[in-house]
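The entries below follow the order in which I looked things up.

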Amino acid sequence: MAALGLGLQVRQFSTSVLRQALIRPPIDVYGVGGRYATALFSAASKQKKLEQVEKEMGTLSSLIKDPKLSSIVMNPHVKRSLKLKYFGAAMTKANLSPITVNLITVLADNGRLTLTADVIGAFAKMMSAHRGEVICTVTTAHPLDEANLADLKVALNGFLTKGETLVLETKSDTPILGGMIVSIGDKYVDMSTKTKIHKLTKIIRDS
């Protein structure tokens, strides 16, 4: 019955009645994976098991990375019933909760097991926002030194509101040449030298 309830949440996601019934996550994550993750967040929230399910998503992530299991459950030529049999056995061994098992059951029934990683990623974003974390990714051509990194954190904290915490990830990508690309929350700013050169080149070509 619980599996059916979660399945209906996903399959009838677009109905206004369902929208009222769902416990909405603090952020919307779009795409099919986001829809399943929203239903999962709602189910876990109603049962007050958000943290438990979050931990289990980590276990689930490890399971689908196992070459032997993945070769079966991610194979489009294997029957759904067989996929669920092997996946179910792995989840039972890992002692996962009915909520997580129900999620995989629904994904299997709908032929969506290949989206498992997308659902896990979307749920992680929802839980991060639930804790008041604002994920920020900064890409520079070369690693930032400690002084520049400290200045960057001060600047980025200016985007936050009360109760929010910055979770910063820095990356290096030599091809951007210089400057930086910043993604924070739903904001995206490309201040890379590469992009500036492209814009300048386009202006020159169009003039």
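Does T137 count as buried or exposed? I looked up T137 and found a relative accessibility of 19%, so T137 counts as buried (buried means under 20% relative accessible area, exposed over 50%, partly exposed in between, with a 1.4 Å probe and protein chains only). I located T137 in strand β1, residues 133–140 (strands are DSSP runs of E of at least two residues, helices are runs of H or I of at least four, and both are numbered from the N terminus). Leaving out residues up to four places away in sequence, I found that T137 touches E169, K171, I181, V182 and S183 (contact means heavy atoms within 4.5 Å).

I note that this is a predicted model, in which local features need pLDDT of at least 70, side-chain atom pairs count only at pLDDT 80 or more, and totals for chains, interfaces and linings use all residues. Residues are numbered from 1 along each chain as its sequence is written, and side-chain values use heavy atoms, with hydrogens and water left out.

**Helix α3 against α7**

I found α3 (residues 32–46) and α7 (residues 98–109) packed at an angle of about 155°, with axes 11 Å apart (axes are lines fitted to C-alpha atoms, for helices over the stretch in contact, and angles run from 0 to 180 degrees between N-to-C directions). The two helices are therefore roughly antiparallel (angles over 145 degrees count as roughly antiparallel, under 35 as roughly parallel, 65 to 115 as roughly perpendicular and the rest as oblique). Y36, L40, A43 and A44 of α3 meet I99, L103, V106 and L107 of α7. I sorted the residues of this contact into eight nonpolar, no polar and no charged.

**Helix α3 against α8**

I found α3 and α8 packed at about 55°, with axes 8 Å apart. That angle makes α3 oblique to α8. The residues of this contact divide into nine nonpolar, four polar and one charged.

**Nonpolar cores**

The largest nonpolar core has 31 residues, of which M57, L60, L63, F87 and F123 touch the most other members (a core is a set of buried Ala, Val, Leu, Ile, Met, Phe, Trp, Tyr and Cys residues joined through side-chain atoms within 4.5 Å). Elements giving two or more residues to this core include α3, α4 (50–64) and α8 (116–130). I then noted a second, separate core of ten residues, V134, L166, M180 and V182 among them.

Definitions and conventions. Ala, Val, Leu, Ile, Met, Phe, Trp, Tyr, Cys and Pro count as nonpolar, Asp, Glu, Lys and Arg as charged, and the others, Gly among them, as polar.
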